[in-house]
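Grab the viewer and work through a few exercises on the model shown here. Each one sets a task and then walks through the solution.

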Amino acid sequence: MNDLHVVVLAAGKGTRMKSDLPKVLHEISGQPLLEHVLRAADGLTPASVTVVVGHRAEYLRSRLDGRRGVQFAVQEPQLGTAHAVLQAEALLTGQTGTVLLLSGDVPLLSTATLHGLLQVHLAERAAATVLTALLERPYGYGRIIRSQGQVARIVEERDASPAERAIREINAGVYAFDLEPLFPALRSVASQNAQGEFYLTDLVAIYRRRRLVVASRTVADPAEIRGINSRTELAEVGALVRQKKNEELMAAGVTLVDPATTYVDSDVVVGADTVIHPNVYLEGQTRVGAACEIHAGVRIVDSTLGDRVTVLNYTVMTDSIVDSEVRLGPFAHLRPGSRVGAAAHVGNFVELKKTAFGAGSKASHLTYLGDATIGEGVTIGAGTITCNYDGVHKHPTIIEDGAFIGSDSQLVAPVRVGQGAYVAAGSSIVKDVPPGSLGIARSRQANVEGWVERKKTARASAGAPAEPGPDPASQPNR
Ligand code: UD1
Ligand code: CA
């Protein structure tokens, strides 16, 4: 619709959140509340989108930097919802058509519901159309007062009489307005109410006095219009969003062993026949392939996994790419910029940072690989450490195809281990190891024959518990 102008109210502080962060930037399923609202509006391809900002306006704007086509109106100070809409006037002068007014704190609304609201609005040629819902517990919302079936006015909880509070039909805070009479009428809203604010909801009575048509549309699913004013509501609505996502995943062929404890952000994609065990977190822009198995306690953030990947318990992964048939964990840690090639194995207590780990390579236990490029078919023994940091700079380690790093080795970067080369266990490698050679960098072993017997004799003659003299076995570098 090219004469549709979306205005989103997001200037309020959200006092009841008791937060430093503007309310609309609190997140559910990995996205700020405001982003959920903007996405629902995107589906209508509006001619313009205006966000009214106020509390921490600059910060809020900076958080929306990546979003094209959003313009901002600043409301300072915040004198109520009618006053907030008025701030968008300058940006909409010369326009005609419909204003769809949304609240930045009502994140569950679907595009379909908004579409339905607009249809009623246009069909009834209304000056205003209010989205309403029938709630079992209407507490806190504005109530819809009807006369002869038509919406006569909206009364806020704090201003309502006991009889009005008993009304179960509530104002969702979402409206379609004909642009033409909107701004002049908003100027006639007064602030004589319990909060001393300029209420947008007063527009309904103003329009009715002027004999303008006020229509309404009731949502089919009242859960959609839930507004978030407190941390409790944030958690409750978060659970609804999660549940919906989990149902979508299961419908698409993903097994969730326990959906109640599976936390998958909205944008995450998971392939069919993947099995997700309890207490798994898939966050941000993560993509998981088909037929993977993600075991309990795993957290994957902004990462991509191929098909048939097994991630064993308590593995943590951020900003990394893992090819098909890889086996990770338990307790593996893939830090940003890691890439694991097909069928590789990254085992327990292995940490990768900015490391490319080639196909078919193995690091099965207790290892740190940072700023490293590991070829294909490499074996990294237990306790291998890349010493990538000299206290000032980070340096690269390169291990070429087919190399074998013996256990408990340190690779002091920058350093290269050539193709097919071996590093002897316990080495501190400070120079490149050429292809096909053995790098050994440790002290030679000396065996002191008969030492144990001598030690016992010495102890007996001195009378226990005296110790024998200096113990050659305890001297380093012999
Ligand atoms: C509002 C409605 C209420 C409705 C409810 C639905 C009014 C007076 N009341 O109440 O009838 O049932 O939403 O969720 O409109 N905002 C500004 N500037 C301001 C004040 C608020 O931008 O000066 C923004 C807030 O950031 C928020 C939205 O407007 O995104 C709604 O404000 P809020 O204070 O949450 O209104 P409610 O009390 O929930
Ligand atoms: Ca609200």
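**Exercise 1: the second largest pocket**

Helix 1 and helix 9 (231-251) each supply at least two residues of the lining of the second largest pocket. Before going on, note that this is a predicted model, where local features need pLDDT of at least 70, side-chain atom pairs count only at pLDDT 80 or more, and totals for chains, interfaces and linings use all residues. Residues are numbered from 1 along each chain as its sequence is written, chains are lettered from A and ligands numbered from 1 in the order in which they are written, and side-chain values use heavy atoms, with hydrogens and water left out.

Task: find which helix gives the largest share of the lining of the second largest pocket.

Step 1. On a 1 Å grid over the protein atoms alone, a pocket is an open set of points with protein on both sides within 12 Å along at least five of seven lines, and lining residues have an atom within 4 Å of a point.

Step 2. Look at the lining, which has 21 residues; His36, Pro107, Leu108, Val241 and Lys244 lie nearest the centre.

Step 3. Sort by element: helix 9 has the largest share, five residues.

**Exercise 2: the cavity**

Task: work out which residues line the largest cavity.

Step 1. A cavity is a set of grid points where a 1.4 Å probe fits but cannot get out. The structure has one of 30 Å³ or more, and the largest has a volume of about 40 Å³.

Step 2. Its lining is made of His36, Val37, Ala40, Leu102, Ser103, Val106, Pro107, Leu109 and Leu114.

Step 3. Helix 1 (33-42) and strand 6 (98-103) each give two or more of these residues, and helix 1 gives the most, with three.

Step 4. By class there are seven nonpolar, two polar and no charged residues. Here Ala, Val, Leu, Ile, Met, Phe, Trp, Tyr, Cys and Pro count as nonpolar, Asp, Glu, Lys and Arg as charged, and the others, Gly among them, as polar.

**Exercise 3: around ligand 1**

Task: find out what surrounds ligand 1.

Step 1. Collect the shell (heavy atoms within 4 Å). There are 24 residues, and the closest are Gln75, Gly80, Thr81, Glu156 and Asn171.

Step 2. Check for polar contacts (pairs of N or O atoms within 3.5 Å). A polar side-chain atom of Gln75 sits 2.7 Å from a nitrogen atom of ligand 1, while for Lys23 the distance is 3.4 Å, to an oxygen atom of the ligand.

Step 3. Strand 10 provides the largest share, three residues.

**Exercise 4: a salt bridge**

Task: locate the partner of Arg67 in a salt bridge.

Step 1. The rule asks for a side-chain nitrogen of Lys or Arg within 4 Å of a carboxyl oxygen of Asp or Glu. That gives 19 salt bridges.

Step 2. Arg67 pairs with Asp42, at 2.7 Å from N to O. Arg67 is in the loop between helix 2 (57-63) and strand 5 (70-74), and Asp42 is in helix 1, 25 residues apart.

How values were computed: Polar contact = N/O pair within 3.5 Å; in protein donor to acceptor, adjacent residues only side chain to side chain. Helix = DSSP H or I, 4+ residues; strand = E, 2+ residues; numbered from the N terminus. Points joined across faces, edges and corners; volume = space filled by probe spheres on them.
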